[in-house]
Amino acid sequence: MSQEVKSTCCYCGVGCGVLIRSEGGVIIGVRGDPDHPANRGRLCTKGASLHLTAQGHGRLLHPAWRPTREQPVQRSDWATALDLAAERFAAIIREHGPDAVAFYISGQLLTEDYYVFNKLAKGLIGTNNVDTNSRLCMSSAVAGYKQTLGADAPPCCYEDIAAAGTLLIAGANPALAHPIVFRQIEDARAANPAMRIIVVDPRRSETAAIADLHLAIRPGTDIALFNAMLHVLIAEDRIDRDYIAAHTDGFAPLAELVGECTPQWAAAICGVAAEDIVRAARWFAGSGPALSLYCQGLNQSAHGTHNNAAIIHLHLATGQIGKPGAGPFSLTGQPNAMGGREVGGLANLLSAHRDLANPAHRAEVAALWGIPSVPARPGKAAVDLFKALASGEIKAVWIACTNPAQSLPNQAAVRAGLARAEFVVLQETFADTDTAAYADLLLPATGWGEKEGTVTNSERRITRLRSAVPAPGEARHDWQIVVDFGRRLGQKLGNPTVDRLFPYKTAEAIFTEHVATTRGRDLDIGGLSYALLEQRGPQQWPFPEGATSGRQRLYANGRFPTADGRARFVAVRHQATVEQPDAARPLSLLSGRLRDQWHGMSRTGLVPRLFNLDDEPCLAMNGDDMRQRQLADGDLVRVSGARGDIVVRVVADAGLAAGRCWLPMHWGSRFMNSAGVNALVGDAVDPHSQQPELKHVAVEVAAA
Ligand code: SF4
């Protein structure tokens, strides 16, 4: 007899609800949940193929370890494996201090998993060295929201797409990366043919193909464009002076700065026509509510925080925020990057959007956890964390549900860090990711369809996931592994309070504690419980105690979560990309997603039908650039950057201007005889968000 349970898709931040069908402990099907507000029954090709990834291929099924990296892994058992991990971590902490260990986790973990990892590092061990692959994804959006609006909180909801008069889509390709959001855009356009769609993307993407106006700017020139749009809005008196006066600070210095940012000035920098910049500004202010949708094209930049601030300025200056169809809406890359931030799972954050740098916030968290203090020293963000492994400053790292040997920039340096580390633990669903080659200890974790817990999607909506089938082999839930390890480590460190720190027997107990930490905060979910989510379905935050529903939109009353309740304009200036094309490497290489693959393909790479569209990574290139190099479609080419080269096939792409090329991000050495695009990319980071500039690198291309 088959049965269905409710869960979510484990891929992107749209957070589509799914119904998982199982029979006899085996997942046999998946369909969209017609009751889930994010997707109303729809799924994209990746989501609709999820059941095909749940057949046990490539799974890590029991703990394993190796005495040296040169030796093959040997099967172990949980008690031996966790005792070994606790012994090695305790020895390193005793000899070198708590900051000699680190945790690198994932936006694909559930909120409950994230919560206990954060408590383990900051509450038990006393280090803030806990960072996540969300650092590569949304940290510039976080910093941009906090600088301008005062809190890490996307103010919009998916229903705003249908209510918008103008959509400004920048640095995002929802047609492939957030397909169910793209379906909503198509529906909105069909219902309202007058809707204006502006797409800002250096490449004519699948999303740009439906745009009324495609601004194919030079890579990294977003701030110049948005500042010039603000210049036009001010010059043509299309701003909302009453809103600015009542609800914001800092407009005058920014207005003075953008006074020089004429459309002609920006046109020369961005490589688009000045009249198109004027048109975009007029549509933004004059075609009904304006909604901005943006993602990694803004975030993955050495000035990503200011990219985000510059687009948010357009909304604050026109009062286009907190209203149906209006606002700045960052599209989350991973399924639970939001939930991870909510519990403070980054090196600079604490539970419930508290700031590590704030002594009062540290004291609040210490009181909530019943410990004397939370360490004040900032932890290492992702790129610095792996540099510290390479230098020997950090000696042991625990990696969960992510594959840094493929996904971080400057891979040679990351792999050198992993190789130098004294002890590497990998907690994973799959057995043979690129990172597994560096692991001393492998711990099998449950995956999609097997876990219980919660996730938060791009519109702040929390969904409860239920397990459809039992854990395979000896795999355990991520939170269970952390709690068991924490208790053993606490005993070895002689911590008498460890059982009080980790009392949990269920994921629900962790969620209940997380709920308590949010009371009185901007994301207050004091009114939520597993029972309420069960009865009433997914809910948006905030949802304080006594509320009857979550809040669809934030800042409708014009009050922002800053000390004085006012939003801030920030004087942001155009900055060039870190690597500029030159005579040796004259091409700008961009990267992005394909429709049918997800991240490093550890899951989607298992499904043959997802390869039908693209079975290998191809470099897309401008036709004239190819002719200059005597290249034809299908030729093998060597793509050379400052840090190395890779060999792939090349295809002409009429959607790329001369001097630009594009490569999908998914492939690593596991799926081809070459490293992926991140081997070429540098590790320069944004000074505010610490997010690396993954989206741009200078290269040369030649026949291989
Ligand atoms: Fe999954 Fe995203 Fe596709 Fe929805 S849009 S089914 S969340 S990959």
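Domain bounds, as used in these legends, come from an automatic or database domain assignment. The structure is a predicted model, in which local features need pLDDT of at least 70 and side-chain atom pairs count only at pLDDT 80 or more, while totals for chains, interfaces and linings use all residues. Residues are numbered from 1 along each chain as its sequence is written.

**View 1. Domains of the chain.** The assignment gives domain 1 (3-53), domain 2 (69-132 + 336-452 + 470-521), domain 3 (155-331) and domain 4 (587-703). Between the C-alpha centres of domain 2 and domain 3 the distance is 38 Å.

View 2. Helices (H or I, at least four residues) and strands (E, at least two) are DSSP runs, numbered from the N terminus.

**View 3. Shell around the ligand.** The ligand is surrounded by 14 residues, the closest being Cys9, Cys12, Cys16, Cys44 and Gly47 (C-beta atom, placed from the backbone, within 6 Å). Domain 1 and domain 3 each contribute at least three residues to the shell, and at least two come from each of α1 (45-48) and α7 (179-191).

**View 4. Helix α19.** In α19 (residues 411-420), the buried residues (20 or more other C-beta atoms within 10 Å of their own) are Gln411, Val414, Arg415, Gly417 and Leu418. Seen down the axis of α19, these residues fall within an arc of 155° and so line one face of the helix; the arc is that of the directions from the helix axis to the C-beta atoms. They pack against α17 (382-391), α18 (404-407) and β17 (423-428), contact being C-beta atoms, placed from the backbone, within 7 Å.

Key:
Buried ≥ 20, exposed ≤ 12 C-beta atoms within 10 Å, placed from the backbone. Contact = placed C-beta atoms within 7 Å.
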